[in-house]
Amino acid sequence: MIKAVIFDYGNVVSLAQTGDCAGEMEKMTGVPAAVFRSVYEKFRFEFDRGTIDGAEMYRQLLADAGYIELSRDTDLLKKIALMDMQSWRAFNPDVCDWALSLKKQGFKLGVLSNMPTEFLTYYEKEIPVFTAADFACFSCRVKMIKPEEGIYCACLDGLGIAADEGVFFDDVQENVDAGNKIGLHSFLWTGLEKAKRDLAALLQRQ
């Protein structure tokens, strides 16, 4: 029996980034936007894990790319990091409304997200799914990131459910596969209407 529905944040609850954040960073620094976009592949995981802050993440990125002088500009690094956080601020009200409606129907509401501390400091109280969640499992607080198995287990423990009692939506296939591997009903998020159909079909099979 399904007892909880769990949502990722980025590109699920959140809207796509507002504008071209990397493009704005290029205008500010003269560093190609492609360098800033590469942060997700090279240094983002430790930021999400909570072991470094945003300024340090961008310091490492710029130093690695050979922009040594810029990597020493502390004020610039803080501005860039803030731009990054602001670009993820907007959430999808329709997704939030659906999530909250599921809670009203009796499902527990969960969040499972790779999330840096700084974003939560600025915006946690502004996002309805975060404030309404029965349990929100953020990577920076448990020092684990998806698709590591431990973060899924931490989320399930926080919600007080077994893996097969939960449904999870994420926009990254690797994270979906990791959820399914431990028995959590996990679906790739491609949009709200598809998610509604996925959940309805699963509930019909229960």
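Reader: Contact means heavy atoms within 4.5 Å. So, counting contacts with a separation of 6 or more in this chain, what share comes from residues 24 or more positions apart?
Author: That share is 66%. Keep in mind that this is a predicted model.

Reader: OK. How many helices and strands does the chain have?
Author: The secondary structure comes to 15 helices and 5 strands.

Reader: And why does the radius of gyration agree with a compact globule?
Author: The chain has 206 residues, and a compact globule with that number would have a radius near 17 Å. The chain has 18 Å, so the two agree.

Reader: What box do the C-alpha atoms fill?
Author: Roughly 60 × 30 × 25 Å, taken along the principal axes.

Reader: What about the surface? How much of it belongs to carbon and sulfur atoms?
Author: The accessible surface is about 9,800 Å². Carbon and sulfur atoms hold 51% of that. As for the residues, 49% of the 206 count as buried.

Reader: Switching to charges. How many side chains are positive and how many negative?
Author: The chain has 23 positive and 31 negative side chains. The centres of the two sets lie 3 Å apart.

Reader: Now the inside. Which residues have the most contacts inside the largest nonpolar core?
Author: Phe 7, Tyr 58 and Phe 169. That core has 56 residues. Its largest share comes from α8, with 6 residues.

Reader: What does Tyr 9 touch, not counting residues up to four places away in sequence?
Author: The list includes Ser 14, Trp 88, Arg 89, Ala 90 and Phe 91. Tyr 9 also touches Ser 113, Met 115, Phe 119, Ile 127 and Phe 130.

Reader: And how many residues apart in sequence are Tyr 9 and Thr 190?
Author: They are 181 residues apart in sequence. In space they are 13 Å apart, C-alpha to C-alpha.

Reader: What about Ala 200 and Ile 127, in sequence and in space?
Author: That pair is 73 residues apart in sequence and 25 Å apart in space, C-alpha to C-alpha. Ala 200 is in helix α15. Its relative accessible area is 38%, so Ala 200 is partly exposed.

Reader: Where does Arg 205 lie?
Author: Arg 205 lies in helix α15, which spans residues 192-205. At 59% relative accessibility, Arg 205 counts as exposed, because the cut-off for exposed is over 50%. Arg 205 and Val 172 are 33 residues apart in sequence and 25 Å apart in space, C-alpha to C-alpha.

Reader: And which helix holds Thr 74?
Author: Thr 74 is in helix α8, residues 74-86. Thr 74 counts as partly exposed, at 44% relative accessibility.

Reader: New topic, the backbone. Which peptide bond is cis?
Author: The bond from Lys 146 to Pro 147 is cis, with omega near 10°. Pro 147 sits in the loop between α12 (139-142) and α13 (149-159).

Reader: What is the phi of Lys 143?
Author: Lys 143 has a positive phi of about 60°, although it is not a glycine. Lys 143 is found in the loop between α12 and α13. At 43% relative accessibility, Lys 143 counts as partly exposed.

Reader: And the phi of Asn 11?
Author: Phi of Asn 11 is near 65°, a positive value in a residue other than glycine. Asn 11 is in helix α1, residues 9-13. With a relative accessible area of 33%, Asn 11 is partly exposed.

How values were computed:
Residues numbered from 1 in each chain as written. Predicted model: local features only at pLDDT ≥ 70, side-chain atom pairs only at ≥ 80, totals over all residues. Heavy atoms only, no water. Helix = DSSP H or I, 4+ residues; strand = E, 2+ residues; numbered from the N terminus. Rg over C-alpha atoms; globule rule 2.2 N^0.38 Å. Buried < 20%, exposed > 50% of the residue type's maximum accessible area, 1.4 Å probe, protein only. Areas by Shrake-Rupley, 256 points an atom, 1.4 Å probe, with all protein chains shown as cover. Lys, Arg positive; Asp, Glu negative; His and termini not counted. Charge placed at Lys NZ, Arg CZ, Asp CG, Glu CD. Core = buried A, V, L, I, M, F, W, Y, C linked by side-chain atoms within 4.5 Å.
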